[in-house]
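Hi everyone, thanks for coming. Let me put today's structure on the screen, and then we'll walk through it together.

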Amino acid sequence: MIIVMQPGATKEQIQQVEEMLSSLGFKTHPIYGEVKTVIGAVGDRRLLNTQLITNMPGVEDIVPIMKPYKLASKELKPTKTTIQIDDITIGGQEIVIMAGPCAVENEQVFYETAHKVKEAGAKILRGGAYKPRTSPYSFQGLEEEGLKMLAIARKETGLKIVTEVVDTRDVELVAKYADIVQIGARNMQNFRLLQEAGASGRPILLKRGLSATIEEWLMAAEYIISSGNPNIILCERGIRTFETTTRNTIDISAIPVVKELSHLPIIVDPSHATGTWKYVDSLAKAAVAAGADGLLIEVHNDPARALCDGPQSLRPDKFTLLVEELKAVAAAINRRI
Ligand code: PEP
Ligand code: MN
């Protein structure tokens, strides 16, 4: 539920309400607005004597949150969440491009690709050091060696890095290197991983599960926010449908739907959504036109030799062209890249 404080309610009054709620077993999440402060309170409502709270000084109203996800909902926080990583803002006016190979594989290819995506206009470099592979015989990632290569690429290019964590045992190590910690589609409902990655304090890129509904996805985000970390970037990466010509089916409608239901920024990964580099261009443009706050695109210097997801990876020249074309799409909806 939401405790709406009166305009001009004092810090002490807000604190008293929070203390009262905590003593009743509620977790509180204050949101300080320009005019009013609201306090999100999550807990067992049956334990609450609402009259007790309503009568406290500075309290204007108590409003229930109807959705099962509370802290991720727009009911609690109508203003958009923006995530700041130094000079990069995710969820603002600018559409942020994240790009790089599926996996960090070898130094030369990785650093070359990193420089090229930077020149093309990407702000964040992707690359997995821990890969969730369908087959146990496939390349599983370079682990810490890969993280070190990501750190070197960050130093060389100035790009920030996003990389996936697949196991709670690696959260601390991955968070030490990453600017953004990615939770992959297969782990969207790995609740312990969500909580531990959230508790690392790094912004979290939360991919939609292969067959997750939007509500399940937002509930996964709720696990992270309730662990104390509100900095979540949702990522639509295609869902499983009866269609098999593409690797997954992109759910473009997820963009406006999520924007209506949640304050969290949403980006789109057209590479995993389609599985084929030829279609990445169209889906990237559609995602920007539909209001995505960013894109996550797989780019590889030599896709034919990639150890992971080569068929869906763009060569740097194609990626450069795509970013140029996306600028016009962004401008058409009053945004920029
Ligand atoms: C990835 O981004 O490398 C990845 C494994 O994606 P997903 O979790 O969406 O399949
Ligand atoms: Mn991949």
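Which residues of α10 are buried? Before I answer, a quick word on the ground rules. This is a predicted model, where local features need pLDDT of at least 70, side-chain atom pairs count only at pLDDT 80 or more, and totals for chains, interfaces and linings use all residues. Residues are numbered from 1 along each chain as its sequence is written, chains are lettered from A and ligands numbered from 1 in the order in which they are written, and side-chain values use heavy atoms, leaving out hydrogens and water.

Back to our helix. The buried residues of α10 are V280, L283, A284, A287 and V288; buried means under 20% relative accessible area, exposed over 50%, and partly exposed in between, with a 1.4 Å probe and protein chains only. They sit on the same side of α10, because they cover an arc of only 135° around the axis, taken from the directions from the helix axis to the C-beta atoms. Among the elements covering them are α9, β14 and α11, where contact means heavy atoms within 4.5 Å. Helices (H or I, at least four residues) and strands (E, at least two) are DSSP runs, numbered from the N terminus.

Now, the metal. The manganese ion (ligand 2) is coordinated by C102 (SG), H272 (NE2), E298 (OE) and D309 (OD), at 2.0 to 2.4 Å. Donors are N, O and S atoms within 2.8 Å of the metal (3.2 Å for Na, K and Ca), and water is not among the atoms, so sites may look incomplete. H272 lies in helix α9 and D309 in the loop between β14 and α11, so the pair ties together parts 37 residues apart in sequence. H272 is buried at 9%, and D309 is buried at 17%.
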